[in-house]
Amino acid sequence: MDNDLESMLLKGAEEFGVRLDKGQVDKFFMYMELLKTWNEKVNLTSIKEDRDIIVKHFIDSLSILPYILPYKNSKSSRLIDIGTGAGFPGIPLKIACNELDITLLDSVEKKVKFLEECIDSLKLSKIKAFHGRAEDYGNNPLYREKFDISTARAVANLPVLLEYCLPFVRIGGIFIAMKGKSSDEVKDSMNAMDILGGKIEIIKQITLPFSDNKRNIIIIKKFRQIPAKYPRKAGKPSKMPLI
């Protein structure tokens, strides 16, 4: 293990109040090796350099943990990561906060196979990966309004994400949208939030450590039930956003 890379991971995590022990660091580096190996045969990420993986994937994923902890309940909080891709932010959150009960959802079956190998190889518990679309799972009684927290990172514009993600969240829970440096999408999302029972709690701009990359973390609290007709059928939220 490269000491400079290890130091970068530790210091970057600490910027967001996350202290990693040796076992957790080892899991992050195992995860990185799996990611690079699988990326040669499955398109998981365009970010390939070790340093960039640590900053733009691992530390970026951990940046939302301070906003998750206040919403953890007395038992293990349930979090669903929508369109998780190669497992971001879900797997880094699991490594850093083992008590979270995490569900990973992605519509690409090959990516889900990768996630299953990561879960097995890293010996992670209380985390599962599912193949499917948010529109379908969001209407399934086993998943609808069953989670304390939903997350999504670089999946779609905010009005679309709201329809994907809020149906999974219990009343009083939160959806965390991980967006780029612009927060312009927020004003286009007011109609979707009104329809879907969401309300903005926090918009926080951060700069990723060891870079000049800016991100916006948008916390949306769910204050009432969503009408039964949402989410709409697969494909419709992206084609006809609630704007």
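In this predicted model, a search of the whole structure finds 9 aromatic pairs. One of them is formed by Tyr31 and Phe58: the ring centres lie 5.4 Å apart and the planes meet at 20°, so the pair is stacked, given that planes under 30 degrees apart count as such. Tyr31 belongs to helix H2 (residues 22–39) and Phe58 to helix H3 (residues 50–62), so the pair ties together parts that are 27 residues apart in sequence.

Are these two residues buried or exposed? Tyr31 has a relative accessibility of 0% and therefore counts as buried. Phe58, at 1% relative accessibility, counts as buried as well; the threshold for this class is under 20%. Tyr31 and Phe58 also belong to an aromatic cluster, which is formed by Phe28, Tyr31, Phe58 and Phe88.

Two packed helices are described by the angle between their axes and the distance between the axes. For helix H1 (residues 3–14) and H2, the axes come within 11 Å and cross at roughly 115°. The two helices are therefore roughly perpendicular to each other, and H1 passes H2 in a right-handed crossing.

Aromatic rings also meet charged groups. The charged end of Arg78 sits over the ring of Phe147, at 4.4 Å from the ring centre.

Conventions:
Residues numbered from 1 in each chain as written. Predicted model: local features only at pLDDT ≥ 70, side-chain atom pairs only at ≥ 80, totals over all residues. Heavy atoms only, no water. Phe/Tyr/Trp six-rings, centres within 6.5 Å; stacked < 30°, edge-to-face > 60°. Helix = DSSP H or I, 4+ residues; strand = E, 2+ residues; numbered from the N terminus. Buried < 20%, exposed > 50% of the residue type's maximum accessible area, 1.4 Å probe, protein only. Lys NZ or Arg CZ within 6 Å of the ring centre and 35° of its normal. Axes fitted to C-alpha atoms, helices over the stretch in contact; angles between N-to-C directions. Parallel < 35°, antiparallel > 145°, perpendicular 65-115°, else oblique. Left-handed = near helix turned anticlockwise from the far one by under 90°.
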